[in-house]
Amino acid sequence: MSAAATNNRNLELIGFALIALLIMVVLPLALDIFRLNLIGKYLTYAFVAVGLVLCWGYTGILSLGQGVFFGLGGYCMAMFLKLEASSAANTKIQSTPGIPDFMDWNQLTELPFFWVPFNSLPFALIAVIVVPAVVAFILGAAMFKRRVGGVYFAIITQALAAVMTILIIGRQGYTGGINGITDLRTLLGWDIRTDGAKYILYFVCCILLLGSMLLARFVLSSKLGRILVAIRDKEDRVRFSGYSVGDFKIFIFCLASAIAAVGGAMFTLQVGFMSPSFVGIVPSIEMVIFAAVGGRHSLVGAVIGTLLVNWAKTAFSESFPELWLFAMGGLFIAVALAFPRGLAGIFTDQVLPYIEKLWSRNRRGQDGVVVPNPAPAE
Amino acid sequence: MVMGYSLGELSSIFAMQAFAGLILFSVFLLMALGLAIIFGQMGVINMAHGEFMILGAYMTYLTSHGFQTYLPGAYAIYFFVAMAIAFIASGAIGLAVEWLLIRHLYVRPLDTLLATWGLSLIMQQAFRSIFGAREVGVQLPDWMMGALSVTDVIEVQINGLFVMALTLIITGIVALLLFRSTWGLQVRAVVTNRTMSGAVGIDTRRIDRLTFGLGCGIAGIAGSAFTMIGSTGPTAGQLYIVDTFLVVVFGGAQSLLGTVASALTISQSQSTLEFFLSGSMAKVLTLLIVIGLLMLRPQGLFALKVRR
Amino acid sequence: MANSTDFLLALEGVTVSFDGFKAVNDLNLYIDKGELRVIIGPNGAGKTTVLDLICGRTKVSSGSIKFKDQEITGLKEHDIVKRGIGRKFQTPSIYEDLTVFENLEISLPRGRNVVGALLWNRTPEIVERVREVTEMIFLADHLDRLAETLSHGQKQWLEIGMLLIQDPEVLMLDEPVAGMSVSERAKTAELLNKIIQNRSVVVIEHDMKFVESIAHRVTVLHQGKVLAEGNMDAIQADPKVKEVYLGH
């Protein structure tokens with residue numbers, strides 16, 4: 001391969017190693033468990049951002065409904081944990097013991113049929129991936145086979161996020177309503193609320209995130225990744241190269257959604273509840289900005305972007321809550337207008353040439369080869 | 001007897017639901033008009049459309065206070081003044097936004113979506129800082145209060161009727177502008193073939209700016225009308241935005257008739273379903289039906305079939 | 001009328017209308033195996049639409065299009081491509097964000113489903129095939145360049161190369177020399193003469209000199225119908241054709 005591409009691949013690898021070092025070693029050593037748990041929560045959003053790099057950055061499909069898949073994953077996990085927390089012994093004061101408390105408050109007298117299989121952990125874990133993937137498949141098949149794309153797809157996914165929120169809030173007997181599914185305690189008897197458990201869950205979350213990044217990296221560096229770029233670039237032409245564009249879009253949308261859902265499940269485990277406020281229109285579009293700030297074409301950038309925006313949000317909301325929306329709004333505008341390739345783009349366009357210049361100055365005389373302008377960011 | 005109601009009662013209920021649906025239709029249509037013009041013309045979805053509407057509502061609120069304090073005698077006509085102010089305020093900010101923001105992003109419609117979302121956040125916070133987080137309402141002039149009794153069960157609110165009439169008039173004006181004015185001719189030319197329009201001497205940038213401004217101005221009027229039937233808060237714009245997008249997309253870009261038809265379909269099905277189901281389920285069902293229909297006809301209800 | 005089994009590609013009674021306007025009207029067109037056919041005609045005659053119809057980009061309103069005696073109307077674009085019909089667009093249509101190598105690699109007729117693309121293995125054989133093609137299209141020295149940095153003529157060649165590597169039985173070219181310099185035109189004519197071996201080619205072209213240099217048989221379209229058909233000399237002598245081009 002060309003020097004530029006190899007260069008790029010090395011860069012991505014270095015970035016990946018640095019991220020791994022940061023979240024696996026530096027942050028756990030530097031922060032107390034409360035702060036680390038907060039970082040763990042941010043990292044669950046990074047799953048969504050990684051998925052968005054796949055479907056938005058590389059394929060050009062902007063989904064404004066990724067919160068739905070994050071939520072579906074989170075809810076599948078929460079349903080299992082809630083059932084475990086609602087044992088007959090724990091809920092003997094209810095009029096119907098053995099069902100989740102919010103069902104009892106809503107005069108339900110038995111567990112709804114779709115809750116029953118969630119008594120099993122293997123089922124719940126499979127559902128975390130499969131349920132969102134199936135929803136994404138149905139939506140994707142319907143949309144992409146009919147060649148609905150661009151702004152239309154964005155608006156329809158946003159409508160889906162609205163539908164999902166209304167549904168969860170409206171059917172509170174089955175879903176816990178606006179409060180969500182709360183008061184989760186143990187996973188197969190292991191108390192997830194202790195500091196020790198939080199440490200372990202944090203590292204599980206990190207490993208899954210790094211794994212998702214590697215999976216995404218594998219997909220993008222295969223020929224499929226290049227087809228995705230081709231689709232973003234000239235969808236029509238790809239058809240005349242003999243590819244069924246719809247199939248590829250469905251695949252990448254399902255993959256992005258499944259990755260988002262894993263993030264949702266990890267959110268539930270680390271934070272201890274799941275609610276519709278992580279599903280709707282606003283969280284969904286905020287997750288887009290995480291990826292956009294970091295760089296929609298960069299997996300590493302997306303993770304960094306997620307951490308930075310969320311850190312800024314927490315910092316701002318603590319000291320100047322009223323300024324946060326202005327800052328967030330400005331961020332949206334700046335990223336769209338001035339930095340469409342985000343921090344990763346700034347790095348490869350501004351910082352990297354500077355470093356290379358220093359580097360080549362030091363080595364001048366040894367060899368005269370100057371690396372030409374860097375290829376666009378991965 | 002159906003579900004415990006007599007036929008007479010049922011037809012009255014349906015008439016009332018239909019009337020409620022018509023008010024919803026007016027709100028949808030007023031909001032969608034501006035958005036449809038902008039989307040049809042430039043393929044841009046303005047996510048801050050709801051906030052332009054709320055701006056119009058706040059302008060109306062301010063005007064009503066102005067009249068109450070300084071011109072209590074002329075309060076009966078304050079609304080018409082307020083409407084003009086709302087139009088000018090929203091329109092002017094729209095022009096500025098087009099110049100500062102939108103025109104740089106025509107080639108990247110998805111980024112416009114993000115940028116206008118950012119704008120909506122900023123506007124929301126600005127409203128909150130200036131007017132407070134609480135919802136505000138306006139005092140209706142006397143002639144707009146009360147209801148007309150059609151039969152002993154059926155009553156129609158005068159303010160509802162007024163909003164409907166206003167919707168009709170504004171839709172008519174927009175139609176006239178689009179199909180009878182030079183601006184309209186130029187807009188339609190640009191939509192059909194942007195490059196060619198530029199070549200024959202149409203200033204496409206100016207047309208874009210005017211269109212965006214006009215679309216935002218109409219949102220302002222919609223917000224003004226909105227104060228007649230509800231109160232206004234900083235985030236009220238977001239409540240209707242998804243419905244409005246769907247109205248526009250469902251109607252098919254570039255078709256005024258499509259926007260009207262789709263606003264009618266969506267509002268009527270929602271208010272009719274509301275009678276049978278809870279409000280939230282009616283909304284879910286309506287949205288799902290619209291999404292389903294869009295899959296069958298992605299180009300919308302009234303799209304022209306043209307060679308691409 | 002001849003038995004349609006004789007032809008590689010047969011369009012019969014093909015009509016397409018856009019909101020009542022018949023862009024192509026009851027058109028009959030037959031292409032033989034190994035034939036090079038040039039379609040000419042004034043603007044709006046429906047030339048590009050005919051190509052759009054054959055490759056499935058536009059759906060016919062009525063009529064039949066048969067390829068190797070099998071109906072292909074209603075098939076999806078990629079299925080038509082897989083059967084062996086390739087298409088070059090009027091403006092160079094290549095993947096700007098990919099390198100020349102990757103553009104050609106994607107066009108190889110293998111690994112065209114999701115799994116195949118995911119498990120794609122760049123074998124030496126594939127690299128060799130891509131190199132071969134880049135030699136032919138004068139881009140051997142530009143393998144790793146991003147396609148967006150190529151000149152207009154080079155982009156046209158790259159797209160022709162993408163079709164070449166696709167190895168279609170019918171190759172459809174829409175104005176392959178538009179916007180090219182004189183020397184680029186000569187090279188392109190040379191290139192086309194090389195690649196039309198062993199396959200049928202349909203070319204839309206305005207440039208009469210270029211048409212003379214390559215044409216075997218010419219079809220003149222006017223208002224969505226075939227106005228005249230025959231060899232170049234006969235067409236140039238045809239009074240109907242003159243009238244259409246001079247305009248009355």
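This is a predicted model: local features need pLDDT of at least 70, side-chain atom pairs count only at pLDDT 80 or more; totals for chains, interfaces and linings use all residues.

**Chain A against chain B**

I started with the contacts: 40 residues of chain A touch 41 residues of chain B.

Chain A and chain B bury about 3,500 Å² between them, and 82% of that is on carbon and sulfur atoms. On the chain A side, I found that A:Val151, A:Tyr152 and A:Leu325 lose the most area to chain B, together 17% of what that side buries.

I get 1 salt bridge between chain A and chain B. It pairs B:Asp111 with A:Arg296, and their closest N and O atoms are 3.0 Å apart.

Which helices of chain A supply at least two residues each to the side that touches chain B? I noted α5 (121–145), α6 (150–170), α11 (281–294) and α13 (321–337). The largest share, 14 residues, comes from α6(A). Sorted by class, that side of chain A has 30 nonpolar, 6 polar and 4 charged residues.

**Salt bridges elsewhere**

Over all chains, I get 35 salt bridges. I picked out one that involves chain C: C:Glu159 pairs with A:Arg237, with 3.2 Å between the closest N and O atoms. This pair crosses between chains, running from helix α6 (residues 152–166) of chain C to helix α9 (residues 223–239) of chain A.

**Empty space**

Rolling a probe the size of a water molecule over the atoms shows where empty space is left. Searching the whole structure, I found 3 cavities of 30 Å³ or more. The largest cavity holds about 60 Å³ of space.

What lines the largest cavity? I listed A:Glu12, A:Leu13, A:Phe16, A:Met213, A:Leu214, A:Arg217 and A:Leu299. Two helices of chain A, α1 (3–30) and α8 (195–221), each supply at least two residues of this lining. By class, I make the lining 5 nonpolar and 2 charged residues, with no polar ones.

Methods: Residues are numbered from 1 along each chain as its sequence is written. Chains are lettered from A and ligands numbered from 1 in the order in which they are written. Side-chain values use heavy atoms; hydrogens and water are left out. Contact means heavy atoms within 4.5 Å. Buried area is the accessible area (1.4 Å probe) that two parts lose on being put together, summed over both. A salt bridge is a side-chain nitrogen of Lys or Arg within 4 Å of a carboxyl oxygen of Asp or Glu. Helices (H or I, at least four residues) and strands (E, at least two) are DSSP runs, numbered from the N terminus. Ala, Val, Leu, Ile, Met, Phe, Trp, Tyr, Cys and Pro count as nonpolar, Asp, Glu, Lys and Arg as charged, and the others, Gly among them, as polar. On a 1 Å grid over the protein atoms alone, a cavity is a set of points where a 1.4 Å probe fits but cannot get out, and a pocket is an open set with protein on both sides within 12 Å along at least five of seven lines; lining residues have an atom within 4 Å of a point. Grid points are joined across faces, edges and corners, and a volume is the space filled by probe spheres set on the points.
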